[in-house]
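Me: I have a model open and I'd like to learn how to read it feature by feature. Can you walk me through it?

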Amino acid sequence: MMTSPCIRTRRQLVRPLLLALAPIVLIMIATGVVRWTNLGIDLPTPVWLFIWSKLVILTVVAWRFAWQWYREDAARRYGEPGAR
């Protein structure tokens, strides 16, 4: 059974998207532990680390999607006869 390029791209992006959700869960757990134990650690530091990690992950996912989209478009353009 043939799969469309959209479905293949979606499958290949599931892993990076799950990695993008991991910092959310980890920061929620870390914030809860810090508040529960009251260690005196400032909370803005983990929040800024979380924001920067999300920006980096989002940039990587967007770049990867754009690169795959370009490769599929180039393969379609050069693979089809008479497309030029």
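This is a predicted model: local features need pLDDT of at least 70, side-chain atom pairs count only at pLDDT 80 or more; totals for chains, interfaces and linings use all residues.

Me: How many helices and strands does the protein have?

Reply: Helices (H or I, at least four residues) and strands (E, at least two) are DSSP runs, numbered from the N terminus. Here you get two helices and zero strands. Helix α1 covers residues 5-37, and helix α2 covers residues 44-79.

Me: What share of the contacts in the protein with a separation of 6 or more joins residues 24 or more positions apart?

Reply: A contact means heavy atoms within 4.5 Å. Of the contacts with a separation of 6 or more, 74% are between residues 24 or more positions apart.

Me: How many salt bridges are there, and what makes one?

Reply: Side chains of opposite charge can pair when their charged atoms come close. The rule is a side-chain nitrogen of Lys or Arg within 4 Å of a carboxyl oxygen of Asp or Glu. The structure has two of them. D73 pairs with R76, with the closest N and O atoms 3.9 Å apart, and D73 also pairs with R77, at 3.1 Å. That links D73, R76 and R77 in a network.

Me: Where do D73 and R77 sit relative to each other in helix α2?

Reply: They are four residues apart in helix α2, about one helical turn. D73 and R76 are three residues apart, again separated by about one helical turn.

Me: Are these side chains buried or exposed?

Reply: Buried means under 20% relative accessible area, exposed over 50%, and partly exposed in between (1.4 Å probe, protein chains only). D73 is partly exposed at 32%, R76 is partly exposed at 37%, and R77 is partly exposed at 33%. Across the protein, buried residues make up 15% of the 84 residues.

Me: How many aromatic pairs are there?

Reply: Rings of Phe, Tyr and Trp (its six-membered ring) pair if their centres lie within 6.5 Å; planes under 30 degrees apart count as stacked, over 60 as edge-to-face and the rest as tilted. The count is three. One of them is W63 with W67, stacked because the ring centres are 6.2 Å apart and the planes are at 5°. These two are four residues apart in helix α2, about one helical turn. W63 is exposed at 58%, and W67 is partly exposed at 42%. W67 also pairs with Y70, and this pair is tilted, with 5.7 Å centre to centre and 35° between the planes. Y70 is partly exposed at 49%. W63, W67 and Y70 form one aromatic cluster.

Me: Which ring does R77 lie over?

Reply: A charge sits over a ring if NZ of Lys or CZ of Arg is within 6 Å of the ring centre and within 35 degrees of the ring normal. R77 lies over the face of Y78, at 5.4 Å from the ring centre.

Me: And how much of the accessible surface belongs to carbon and sulfur atoms?

Reply: Accessible areas come from the Shrake-Rupley method with a 1.4 Å probe; for residues, only the protein chains shown count as cover. The protein's accessible surface comes to about 7,200 Å², and 72% of that belongs to carbon and sulfur atoms.

Methods
Residues are numbered from 1 along each chain as its sequence is written. Side-chain values use heavy atoms; hydrogens and water are left out.
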